[in-house]
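Reader: I'd like to learn how to read the inside of a protein model. Could you walk me through it?

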Amino acid sequence: AMPQGGELRLQTAFIEPDSVMLKIQDTGIGMDAAVQQRIFDPFFSTKGVRGTGMGLAMSSAIVQRHHGSITVNSMPGQGACFSIRLPAPSNLQQPTPPPLATAPQPLAPLQILIAEDDAAVRNILHQLLVRQGHHVDAADSGEAALERLSRHSYDLLCSDLGMPTMSGWDLIHQARSMHPNLHTMLITGWGDQISLAEARSRGADLVLAKPFDTEQLRKTISSIQAQVDASRTSADSGTTPGAKLSDGC
């Protein structure tokens, strides 16, 4: 009905005292009066070999079995609106609107250090994290990352696994020795071969497998963001934070 795309609207309503209504409206090519008279006939189709002509016939039969009615209002070039009216159970009442949800407080941006020897990957990762609002530094080797860690405090270290002179495992081990509360994420093309249990036994909180997309990265970083926020809140209140990350992250 909308070969060039468009908008599909669904509307429901309680019609007192004893009916409910469903409307399905599109902004497609519409139909003339002659077509409207036949659209509920079995095997009638305007789609040629692409259609069976049974879709609307079956819809009409289902509505009739529920003692309801289905009608259409359309004009060529102006879309179509199908209205289905069904009898309501005697005990059906107008639904109470749900309470308005309170918008969650935004999480604080993270201080992130990237360790990645591939310049292209390093630059892309840097850009993506900055766009998400974080403060990001980047190093092209494990040694350069340790030098930065000796001078600055970070919330998260994102390290490649296969770097020439120092592996991601070695970097994470030394980084955690310097900063025990540092969150760590291993980024690797062998991510599918490394279990979360193995990663954590070697000091990494999470493993992000290459290639990854923007949404995967956002969700992963958000999970760490929530943990960092919780740790900050616990520190401010004097309580002990819980485990860093759950297995579901």
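Author: Happy to; we will go through cysteines, cores and one histidine. Keep in mind that this is a predicted model.

Reader: How many disulfides does a search of the whole structure find?

Author: A disulfide calls for two cysteine sulfur atoms within 2.5 Å. Here the search finds zero.

Reader: Is Cys81 buried or exposed? And what about Cys158?

Author: Buried means under 20% relative accessible area. Cys81 has 13%, so Cys81 is buried. Cys158 has 1%, so Cys158 counts as buried too.

Reader: Which residues have the most contacts inside the largest nonpolar core?

Author: That core has 20 residues, and the ones with the most contacts inside it are Leu149, Leu157, Trp169, Leu171 and Leu186. Two or more residues come from each of β5 (111–115), α4 (142–151) and α5 (168–178). The most come from α5, which gives four.

Reader: What is Leu157 in contact with, leaving aside neighbours within four places in sequence?

Author: Its partners include Leu113, Ala115, Leu171, Ile172 and Ala175, along with His183 and Met185. There is also a second, separate core of 17 residues, with Ile114, Leu128, Leu129 and Leu208 among them.

Reader: Where is His134 placed?

Author: Look in the loop between α3 (119–131) and β6 (135–139). With a relative accessibility of 5%, His134 counts as buried. Its side chain reaches the backbone nitrogen of Leu110 at 3.0 Å. Beyond its neighbours within four places in sequence, His134 is in contact with residues including Pro109, Ile112, Leu129, Ile221 and Gln225.

Methods
Residues are numbered from 1 along each chain as its sequence is written. This is a predicted model: local features need pLDDT of at least 70, side-chain atom pairs count only at pLDDT 80 or more; totals for chains, interfaces and linings use all residues. Side-chain values use heavy atoms; hydrogens and water are left out. Buried means under 20% relative accessible area, exposed over 50%, partly exposed in between (1.4 Å probe, protein chains only). A nonpolar core is a set of buried Ala, Val, Leu, Ile, Met, Phe, Trp, Tyr and Cys residues joined through side-chain atoms within 4.5 Å. Contact means heavy atoms within 4.5 Å. A polar contact is a pair of N or O atoms within 3.5 Å; within protein, one must be able to donate a hydrogen and the other to accept it, and residues adjacent in sequence count only if both atoms are side-chain atoms.
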